[in-house]
Amino acid sequence: MTQLPPHSEALLTQFIEIRPQLLTLSDQVYDLLRQTFSEQGIELNTIEHRVKSVDSLKGKLERKGDKYKTLEDITDLIGLRIITFYTDDVDKVAAIVQQLFDIDWEHSVDKRKLHELTSFGYNSLHYICREKGGHQPFEIQMRTALQHVWSAIEHDIGYKGAVKLPPEYRRQFSRLAGMLELADDEFSRLRTTMVNYRRQVQALVKSGRLDEVPLSTDSFNSYLQLHPFDRLNKRIAAVNQAEVFPASLTSYLPILEHFGMESLGDVERFIADYQEAAYQLALSQLAITDLDILSESVGLQNLCFVYILKKGGNADELRFVFDTINGQQPSNALLADNIMNLAKNLKM
Amino acid sequence: MKTSIELQGDALIAKLEGRLDTAAAPKTEQELKPLHDCQGKNIVLDCSQLDYISSSGLRIFLGVLKAAKPKGSHVYIQGLNADLQSVFAMTGFTNLFEFK
């Protein structure tokens, strides 16, 4: 074991004494960050936090102990890493960190700005922070998930080690780094495109121009926010004064597509044309029971049944609805037969 | 109405036997309460010996589902007879649960 010089030994002893306090501070900062990002609606890949281990600090003091006068000069005793999904979010996260803590700008580094125009590589934003009015520094690193992957691989390969890589391998490294950087930017762009598309769809849905909105998962979800099946559900629920339990209706999308519906306008007409028959079918099933709890899917489910029956469909096609909703199982044939029998009595 | 819960492998199996009507619901609800603390284990509601289910019974199943889902557990229903399948179908509950 290497014996540390007396000054370094004193720093290490002091660190061991205050380590429990550092652990508490690390947890507090982590909780504050997590809570703030959650309140701001920023989705993160992860937040990591740690307090340096005694062995790790000892190693650091062995290498460059004379660089530090006091323990506070070692700014990464507490380290946190915020990993975002998108490059745009790194700046957003940084702005929040600036609001929450005092930043030591002299020792903070934006590695994203350090690169030469012709080089690529590890991009990360490092802030040395203190709690407002506090004295204990801690380091917060902010980067995207892809930058994090890059950093981990770089570390594993030992790119920054003592042995210099031959030029051909350095070039290969730079190409890969460039690709990751490009992928990061493209993911951000894709997110912006998707957000814009959703806004457009929502605007069309709100303005009632439903024929202009192609049927898709996004558009159907926007449409569902208008509660298009509520009126029918309320009528059905009134049969037994039932409570309607919320349910996801997105699993019905493949069924509507199977029916050949291409726009939200088609779905709107489907509801208008078949809701009376759907109500009658639900009524024939529920009126002879005292069931007073229903799923929100009850209206749409009966709409699908009557659509098939009115189009002259058979039990196999009804079974397709059950197979899609319940997953394929033998009992679905029986359920389809039950609906066929009910339909006969209703003369559909 | 008889209820039992046992751990089989990584799943909690709740066996229900008899008629789960309004009268039997409070006791059954108490007996199934341990499922709410499923800690991410999947739950199978074995209904192969269940003869009848009322709205109160459906609400108990929903209670199990609501407690289990946030913990990452799946709730499967197994062995429904033809009448019970009809109840699940006509209420739209087939859309809420997974079936085995």
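**Figure 1. Order of elements in chain B.** From the N terminus, chain B of this predicted model runs β-β-α-β-α-β-α-β. That gives three helices and five strands in chain B. Chain B has 100 residues, of which 38% count as buried. Among its contacts between residues at least 6 apart in sequence, 75% join residues at least 24 apart.

**Figure 2. The sheet of chain B.** The five strands of chain B form an open sheet with the order S1-S2-S3-S4-S5 and mixed pairing. Strand S1 (2–8) and strand S5 (98–99) of chain B stand at the edges. Each of these two has a single partner strand, so one side of each is left without a neighbour in the sheet. In a regular strand the side chains alternate between the two faces of the sheet.

**Figure 3. Pairing of S1(B) with S2(B).** S1(B) and strand S2 (residues 11–20) of chain B run antiparallel and are joined by seven bridges. Within this pair, B:Ser4 stands opposite B:Lys15 of S2(B). The hairpin made by S1(B) and S2(B) has two residues between the strands. In this hairpin B:Gly9 takes a positive phi, near 65°.

**Figure 4. Pairing of S2(B) with S3(B), and the helix across the sheet.** S2(B) and S3(B) run parallel, with nine bridges between them. B:Glu17 stands opposite B:Gln49, which belongs to S3(B). H2(B) lies across S2, strand S3 (42–53) and strand S4 (75–78) of chain B. The helix H2(B) runs at about 180° to S3(B).

Figure 5. B:Gln39 is placed in the loop between helix H1 (25–32) and S3 of chain B. Its phi is positive, about 50°, although B:Gln39 is not a glycine. B:Gln39 counts as exposed because it has 9 C-beta neighbours inside 10 Å, and the cut-off for an exposed residue is 12 or fewer.

**Figure 6. Contact between chain B and chain A.** The contact takes 17 residues from chain B and 22 residues from chain A. On the side of chain B that touches chain A, helix H2 (55–68) and helix H3 (82–90) of chain B each supply at least two residues. The largest share of that side, six residues, comes from H3(B). By class, the side of chain B that touches chain A has nine nonpolar, seven polar and one charged residues.

**Figure 7. Helix H5 of chain A.** Helix H5 (residues 167–206) of chain A has 40 residues, which should span 58 Å at 1.5 Å a residue. The C-alpha atoms at its ends are 58 Å apart, which agrees with that expectation. A:Ala177, A:Glu181, A:Asp184, A:Val201 and A:Val205 are buried residues in H5(A). An α-helix has 3.6 residues a turn, so residues three or four places apart point the same way. The buried residues of H5(A) pack against helix H3 (87–100), strand S6 (138–144), helix H4 (145–157), helix H6 (217–224) and helix H9 (264–286) of chain A. A:Gly208 follows H5(A) and has a positive phi, near 80°.

Figure 8. A:Ile308 is found in helix H10 (residues 298–310) of chain A. The residue A:Ile308 is buried because 26 other C-beta atoms lie within 10 Å, where the cut-off for burial is 20 or more. Leaving out residues up to four places away in sequence, A:Ile308 touches A:Gly313, A:Glu317 and A:Leu318. A:Phe259 is 49 residues from A:Ile308 in sequence, but the two are 8.5 Å apart in space, C-alpha to C-alpha.

Figure 9. A:His227 lies in the loop between H6 and helix H7 (230–238) of chain A. Its phi is near 55°, a positive value in a residue other than glycine. A:His227 has 10 C-beta neighbours inside 10 Å and therefore counts as exposed.

**Figure 10. Confidence along chain A.** The average pLDDT of chain A is 89, and 93% of the residues score at least 70. Confidence in chain A is lowest in strand S4 (residues 109–110), at a mean of 78. In chain A, confidence is highest in helix H8 (residues 253–258), at 97. Where pLDDT is low, the predicted coordinates should not be read in detail.

Conventions: Residues are numbered from 1 along each chain as its sequence is written. Chains are lettered from A and ligands numbered from 1 in the order in which they are written. Helices (H or I, at least four residues) and strands (E, at least two) are DSSP runs, numbered from the N terminus. Two residues are in contact if their C-beta atoms, placed from the backbone, lie within 7 Å. Ala, Val, Leu, Ile, Met, Phe, Trp, Tyr, Cys and Pro count as nonpolar, Asp, Glu, Lys and Arg as charged, and the others, Gly among them, as polar. Two strands pair if DSSP finds at least two bridges between them. Axes are lines fitted to C-alpha atoms, for helices over the stretch in contact, and angles run from 0 to 180 degrees between N-to-C directions. The expected span of a helix is 1.5 Å times one less than its number of residues. pLDDT is the predictor's confidence in each residue, from 0 to 100.
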